[in-house]
Amino acid sequence: MEENKKNLLNKAWEFIDKNSNFLLVIILVFALILRLKYLTINQAVWYDEAEYLGVAKNWAFNITSYQLHYVRPPLLPFLMAGLYKVGFDELAIRVLILVFSMTGVLFTYLVGKEIFNKWVGLIATFLMSFFYLHLFYSARIMTDMPSMTLWLISSWFFWKGYIKNGSKKYLWLLGPLLVAGLLMRFPFGLLAIVLLVYLLITEGIKFLKNKDLWIGTALGVISIIPYTIWYYLVYSKVILLGPAGFYGHFSQLKEYIQILPIVFQSPIPGIINLFPYFGNLFILLLFIGIGIALLNLIIGYDMIRKNEDLKNYLFVLLWLIAPFIFFAFFAGQIAEDRYLFYLYPAAFFIIGIVLIKIYELIKKFNRILALSVILLILVSSSINQISYADTIIKNKSTSYIQFREAGGWIKANSNPSEKIIATGEPQLNYYSERNVIYWPEDYEIDEFLEKNKEVKYIVLSVLEQSPEWTYQWPQKNQDRVVPVQAYFDSQQRPILIIYEVKR
C-alpha cells in the first residue's frame, strides 16, 4: 500500500515536472486577469504621467509649446506619440503599459530559468504576478515598470548570447537594448555596470576578445548618437551628465531600509507585531538567500571563475545590490519604492532559491508536506499582496481628478491661443491642451498680466503647491480676477479654483 502511494506521488510529480509550461501559462493568465482588472480604474493622471502624455500629444499634434524636461528620458513619450499619431487614444497607451507589464512577468520566468532553473523561474514569476508594486504601476503610465522589463530582456539576451554561447545576434542586439533601456529611464545604465563588474570578476579582461560583444557595443553607440546630438542641441547639456547634475547627492539609506518591509510585506502571524522588519516572511527568506549566496562566494572565492553556481550567485547579487546602493547613496531623490524596481526580480530569484531548498529539506521526510508548506507560503503571501494592491490602487484611483475636470473645463471655455498661469503644469497642459505658465514673482505679476494679454485663467490648487503669496493674491486683487469654477473635496473644502483674468 505504501509502495503504491509512493509510486502515485512519483508519477504525479513527473507529470508536473514534464508539464511545467502549463503552470507558466496558468501564472501568466492569472497575472493578466489581475492587471486587466485595473486597466482603466485610474480617473486622472499624476504629474509624471501627465508630463509624458503631454509631451507625446505635443510631439504628435504640435498643440502647445510644452516640451520634455531634460531629466526625462524620451522613449516612452516617443512610443506614445506614435500611437497618438496613428489615431489611438489614452486607452491604447494603457494597453501599451499592460504589454510591458506582461512581458516583464514572462521574462522573469525566462531569466530565472536561464540563470538557475525552471522552478526558480516559476516561483519568481508567480511572485511577480501578484507583486503589489508591479500591479500598481501596471495601471500607471510611467517609466519605472517598463524600464524594469527592458532590464529583464537585456539580462536574458546577455545570458543567452554570452554565458550560454547562443546565437551571436543576442549580443548584437544587446547594445541597442541597453540603449533602449537607458532612453526609457536613465538609471537603467546601472545594468551596464552590473554586466561589466560581473565580467571583470569572472573573466578578467578576457571578455574584451569577444568580437560579437564589440559589435553589440558599436551598434549601441551608433543607436544613441542621434539622441545625444539632439539632447545637446536642445538642452546644451551632455546626456546622463545633465540629469545627474539636476539632483543633489545625499544618503537615503535609512529611508530605503524602512521601505523594504512595506515592499516585501508577507506578515508572519504573531511575529510581525514583535519584529516588524523580520516579521515579514519574504524579507526573512531574502536575507537567508543573500546569506547563502555570500557564504558560498566567500568560501569558494578562488573558484568563482570556474564554478557556474558561484557565477550565478555573483550575478544575482550584483543585480540586487547595484540599484540599492545607487538610490540609497547617489540618486539624490526622495526615497520611493518604485525607484528600486530593478532589484525586485533578483530578490524574487533569491527567494525562489530558498523556497526550493526548504522544499528539498522537508521532502526528505514527506513530499506532500514539503509541497504543502511551499504552497502555503506562496498562496498566503499572494492574498496579502493582492489585497494591499487592491486597496492602494482604489484609494489612489481618483487622486488629481480635479486637474482633469479643471483642464476639461478650461479647454471648453477658452481658445487654443489663450494661456493659463498655474502650478500642476503637466496635468493642466495635458487635459486643457493650452499653454500653462508658471507663476512669475509677486512683484512682477501685474506687469506680467499687462504684457501677456493671452493669459485668460489663473489656477490655484492645494494638490500642486503654488508660491505662498499666490493664495492671498486673488482676494487682494478682486479688480483683476474673478473666480469662475471651483472643485471641492469630500468635506466641501476647496481643492482647486479657476480665476478668470478681467480684461
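1. Start with helix 6. Its buried residues (buried means under 20% relative accessible area, exposed over 50%, partly exposed in between, with a 1.4 Å probe and protein chains only) are V120, G121, L122, I123, A124, T125, F126, L127, M128, S129 and F130. That is 11 of the 13 residues, so helix 6 is largely enclosed by the rest of the structure.

2. A note on the source. This is a predicted model: local features need pLDDT of at least 70, side-chain atom pairs count only at pLDDT 80 or more, and totals for chains, interfaces and linings use all residues. Residues are numbered from 1 along each chain as its sequence is written, and side-chain values use heavy atoms, leaving out hydrogens and water.

3. Helix 6 covers residues 118-130. Helices (H or I, at least four residues) and strands (E, at least two) are DSSP runs, numbered from the N terminus. The expected span is 1.5 Å times one less than the number of residues.

4. Q252 sits in the loop between helix 12 (241-246) and helix 13 (253-263). Q252 is buried, with a relative accessible area of 8%. Beyond its neighbours within four places in sequence, Q252 is in contact (heavy atoms within 4.5 Å) with F327, A328, Q333, I334 and A335.

5. Strand 4 (residues 481-488) and strand 5 (residues 494-501) pair in the antiparallel sense over 7 bridges. Pairing requires that DSSP finds at least two bridges between two strands. V481 stands opposite V501 in strand 5. The hairpin has 5 residues between the strands, and Q492 takes a positive phi near 60° there.
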